[in-house]
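Subject: Structure for you to look at

Hello,

Here is the structure I said I would pass on. My notes follow below it.

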Amino acid sequence: MQKGKVKLGQLDLEGALIARDRVGIQDFVLLDAHNSETAFLDNLKKRFTEDLIYTYIGTLLISVNPYKELDIYTKKQMDLYMGVNFFELPPHIYALADNVYHTMLSEANNHFILISGESGAGKTEASKKILQYYAVSCPSSTLLDTVRDRMLMSNPVLEAFGNAKTMKNDNSSRFGKYMDIQFDCQGDAVGGHILSYLLEKSRVVHQNHGERNFHIFYQLVEGGEEDLLRHLGLEKDTKRYSYLVQGECSNVSSINDKNDWKTVKNALSVVDFDANDIEVLSPFTVDHAIYARDALAKAIYGRAFTWLVNRINESLENKWEPVQFFNNKIICDLVEEKHRGIISVLDEECMRPGDATDLTFLEKLEEKMGNHPHFVTHKLADKKTRKSLERGDFRLLHYAGEVTYCVVGFIDKNNDLLYKNIKDVMCLSKNPIVQQCFPVTEGDSRRRPETVATQFKNSLLRLTEILTAKEAWYVRCLKSNDNKQPGKFDEVLVRHQVKYLGLMEHLRVRRAGFAYRRRYEVFLKRYKALCPATWPHWRGVPADGVEKLVQHLGYQPDEYKMGRTKIFIRYARTLFATEDAFEICKHELATRIQAKYKGYRAKGEFRKQKEADLRDSATAEHTYDGEELQQKIVTSAIFKGKKDSYPSSVAVPFVDTRINEQDINMRVLQTIRHERIKYSVPVVKYDRNGFKSRPRQLILTQAAVYLVEEAKIKQRVDYVSLKGGS
Ligand SMILES: Nc1ncnc2c1ncn2[C@@H]1O[C@H](COP(=O)(O)OP(=O)(O)OP(=O)(O)O)[C@@H](O)[C@H]1O
């Protein structure tokens, strides 16, 4: 958008940002070829090539992993997105976070953000960005800062214990995580709660080639202080521990265990773990210790974790938009239906008396679901398919493609019977922390232990209950390539993810209804300059103003509907036309401002007159209209800039001392044209006695910023202060 670029100081950055962001389409809803997967991918790729990793489908955010640090997560970026309407700035995870937060406050209800995608796609990073955004943008106080620090610091701790290097991701979360942030009615973060889901416990005792155990073990051994290691009876050499070397994976360049240990140790203290908590030392006899070794290792991680949680969350979407999505129920039933699904068959096989093996489990599957159109095994397959299946395989025809599973290890992994024995051993411990981890509950000895699959299913049911009580927001993370290579866009890989994440379906659903919706106030605020009746102010009900506006713009009746609080626009082209008109209008206004500015410069007399006006304004109550205010800013900037007493600054006095800063903001916002942007101007105020108050920050409209910036450049000064009084 070259025409929109403003070449002035601070504005350069904003202008450039918007120009860059205009690469491709920033909301897929506006894609003309909306049925074309190729057009969808082209757009993603075009943006990705320009480091534009975020794109919307309406309010759903797609994020493509760039595998490199981008300069888009700064404090400045956060400030830019705070309190700004979702669609007014380039797509960003901050925009989503901000919008959820403000919707929660204004509607006073609960929300959740579901982040999904395959391993390494960027879910963990996305969740951290959201947390960081809330940490900076939510109101703060000493008490709240503690809450904030603890929430932030829970991440390194959880990552140390729950993440590991896998072939796909050097920092792969091996557990599902649900984090609650609790806000009070003022919007202050007052607490949090984390639910975690069953983990791939087997990693504790076994790792595949090229993978590692959980980070914490390496961190402790590599980074732990001599005293601590001696105290724990550990040696400073990971190679000495068979649990840590099975993947034969040493020296991962992206991981620095020594440094990470420091971070984790610090984080542990922030989240209120004392020295005793950190050690977890238990006085076992050697026999008990040997017996408990594997059990303890697994049990520490064996709490409500599961890597499958993200996969099943896909099915939650269907309840979200059930009509137009591919109906995945047939596959879900195949997997989890009571008494008939694969999980039930597996459980039965684990529980039944007699010798159950992986192959008997496969036979049961063939017996029970042999006719199912989405299930096939070597035995059931036709001649051609059979070639691609081993005898121990079964294949599910998922909606986005076929997945082949090998039954070897199913029975073993599903059996969590060890759990009870672990508890027996752990309950012998006198250590209070271990006792907390393994409380003795009534009926323990009688209860049949749950299988892994059932624990997983139940934890998901509980999660579903939590989520259905809340409003949903979605972030879909896409992996750009399998080699963790910066800037590489593997089209085949991305296409596959677009397919199985149901993004085309989501787009179709969004477009089937009214693609674009916005609250009347917001719509009016953005486009009011396009209609003489609504510009500069619409004094009536916002809905009426919008009606006037769209009629002036020539919207046809089938193009829009007026809702209770929002206008709904059916076609992308309608919105495009409105946006284009707005762009043109913005530039016309900018040109007018420039022309005026030049005119003022030429008139010396006019300056004198303005100076007199300013003197008056110091003593008289006066409300400026937009034009007048603009004139005052420009004129006085020129005038004051020449004064010796302000050698390195230009004072822009346009307020009288009786107007407080909030008033200034309000007046600027109300009277100067264009959308509001966040822009920090140091405001130096003078009281009636001529004393300078502390510098403050103002929010100015883009037009106001434009004027101030121009004044700065013309006067060759570094900053502009706004001064009241004489
Ligand atoms: N927004 C981003 N900017 C830069 N790099 C990123 C971004 N998102 C992800 N990455 C890179 O990709 C890696 C993998 O991301 P992440 O750990 O968030 O994936 P994940 O989806 O949580 O994977 P898993 O399911 O295995 O836990 C990160 O360690 C980081 O190097």
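In the shell around the ligand, α5 (123–137) and β5 (172–173) each supply at least two residues. Here helices (H or I, at least four residues) and strands (E, at least two) are DSSP runs, numbered from the N terminus. The model is predicted: local features need pLDDT of at least 70 and side-chain atom pairs pLDDT 80 or more, while totals for chains, interfaces and linings use all residues. Residue numbers start from 1 along each chain as its sequence is written.

The largest share of the ligand shell comes from α5, with three residues. There are 19 residues around the ligand, and G122, T124, E125, S172 and S173 come nearest; a residue is near if its C-beta atom, placed from the backbone, lies within 6 Å.

The helix pair is α2 (residues 37–49) and α22 (residues 491–500), whose axes come within 11 Å and cross at roughly 120 degrees. Axes are lines fitted to C-alpha atoms, for helices over the stretch in contact, and angles run from 0 to 180 degrees between N-to-C directions. On the α2 side, E37, F40, L41, L44 and K45 meet E491, V494, R495 and V498 of α22. Contact requires C-beta atoms, placed from the backbone, within 7 Å.

For the chain as a whole, the secondary structure comes to 30 helices and 16 strands. Of its 726 residues, 33% are buried, that is, with 20 or more other C-beta atoms within 10 Å of their own, C-beta atoms being placed from the backbone.

Regards

Terms used: Two residues are in contact if their C-beta atoms, placed from the backbone, lie within 7 Å. A residue is buried if 20 or more other C-beta atoms lie within 10 Å of its own, exposed if 12 or fewer, and partly exposed in between; C-beta atoms are placed from the backbone.
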